[in-house]
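Reader: I am new to this structure and would like to learn how its features are read. Could you take me through them one at a time?

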Amino acid sequence: MGLGKIRQPKVVAEILGGILLGPTAMGRIPGFTKHIFPAQSLPSLSLFANIGICLFLFKVGLEIDANTITRNARSSLSLIALSTVALSFGLGAAISVPLYHNFIGPPVEFMYFMLFTGVSFSITSFPVLCRILTTLKLLDTTVGVTVLSAGVCNGVICWTLLALAVALVNGTSGLTAMWILLTCVVFIAFLMWPVRIALLRLAKFTGTSENGPTIFFMIVIMIMLWTCAFFTDVVGISAIFGAFLTGVIVPREGALVVSLTEKLEDMVTIVFLPLYFTLSGLNTDFGLLNNGITWGFTIAIICLDFAGKIGVFLWN
């Protein structure tokens, strides 16, 4: 409630709550982590959290009109996504030089570290972005759709660059990254046209468009949701993008989208999402920032990251 008064979205409170429950604060109490978050429970909590974030991104996709995304695709890709990646990557590459000499050094190759740092600066946390837009009720606005479209483009580009970095570190061919990028483009095109048309015809055939979602149609949608999430995860992007795209291609006829959203909203926003962002905070330990050099670099990284994002906004 306190953060809400200064117009901060709920996701900030959820992440801060996870940080306070983690090793930064309450985790320092003897026996707290062992009894509240035992090591054997974390894989199960992580599984539930990932299921929840996929359902949330599916719900976000339901609230976005696919035609609007298609209309904004060109500007989102060229003006926003590419410029954000380029500027942020350059700033990340610049600060990677002192980071490498102060914290890394040989035997890690500087080129690999620079590529990883540049990608880390460029990438956007898509779940956090969607959570903020949902809280501020901007999903159905032109700004919200443009930002989400740019977020998808940004994610695909950055995950491809990350795959390139991993391929170079492992000594394998950089063609892996190109394969990931092309696969994603083909997959998105396949979903946005043939599969979307097939779902529209299925909705009319089953009477879903007129009478609301039938059990058979819901089963098909759920199978598609987890299949797409699994596919994008296996390809090397992230399961959340497959879930989001599934929501985007669901037919908009009748009260279908409203019905699906109502069925998912309470369970996802009350149970699953806080768990996901709390687990993110649990992995953060501010106690590792234990000297002036680390604090200085932390502040510099934050400032440069803000500069990269805000600089692109002002330029556009």
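The dialogue below goes through pockets, salt bridges, a cavity and a surface patch.

Author: Before we start, please note that this is a predicted model, in which local features need pLDDT of at least 70 and side-chain atom pairs count only at pLDDT 80 or more, while totals for chains, interfaces and linings use all residues. Residues are numbered from 1 along each chain as its sequence is written, and side-chain values use heavy atoms, with hydrogens and water left out.

Reader: How is a pocket defined, and what volume does the largest pocket have?

Author: On a 1 Å grid over the protein atoms alone, a pocket is an open set of points with protein on both sides within 12 Å along at least five of seven lines, whereas a cavity is a set of points where a 1.4 Å probe fits but cannot get out; lining residues have an atom within 4 Å of a point. Grid points are joined across faces, edges and corners, and a volume is the space filled by probe spheres set on the points. Here the largest pocket has a volume of about 1,800 Å³, and of the 46 residues that line it, T124, S125, L129, F306 and K309 lie nearest its centre.

Reader: Which helix gives the most to the lining of the largest pocket?

Author: Helices (H or I, at least four residues) are DSSP runs, numbered from the N terminus. Helix 14 gives the most to this lining, with 9 residues, and the helices that each supply at least two residues include helix 2 (10-21), helix 7 (126-135) and helix 14 (292-315). The lining of the largest pocket divides into 30 nonpolar, 12 polar and 4 charged residues, where Ala, Val, Leu, Ile, Met, Phe, Trp, Tyr, Cys and Pro count as nonpolar, Asp, Glu, Lys and Arg as charged, and the others, Gly among them, as polar.

Reader: How many salt bridges does the structure hold?

Author: Side chains of opposite charge can pair when their charged atoms come close. A salt bridge is counted when a side-chain nitrogen of Lys or Arg lies within 4 Å of a carboxyl oxygen of Asp or Glu, and the structure holds 4 of them. In one of these, the side chains of R131 and E14 meet at 2.5 Å, N to O. This pair links distant parts of the chain, with R131 in helix 7 and E14 in helix 2, 117 residues apart.

Reader: Are R131 and E14 buried or exposed?

Author: Buried means under 20% relative accessible area, exposed over 50%, and partly exposed in between (1.4 Å probe, protein chains only); both R131 and E14 are buried. In another salt bridge, D305 pairs with K309, the closest N and O atoms being 3.4 Å apart. Because D305 and K309 are 4 residues apart in helix 14, about one helical turn separates them. D305 has 27% relative accessibility and so counts as partly exposed, and K309, at 29%, also counts as partly exposed.

Reader: Which residues line the largest cavity?

Author: The count comes to 1 cavity of 30 Å³ or more, and the largest cavity has a volume of about 60 Å³. Its lining is made by V152, V156, C184, F187, I188, T232, I237, F241 and L245, which divide into 8 nonpolar, 1 polar and no charged.

Reader: Which residues make the nonpolar surface patch?

Author: Patches are made of residues with over 30% relative accessible area and no salt bridge, with like charges joined within 9 Å and nonpolar side chains (Val, Leu, Ile, Met, Phe, Trp, Tyr) within 5 Å. F103, I104, V108 and I293 make a nonpolar surface patch of about 330 Å², its area coming from the Shrake-Rupley method with a 1.4 Å probe.
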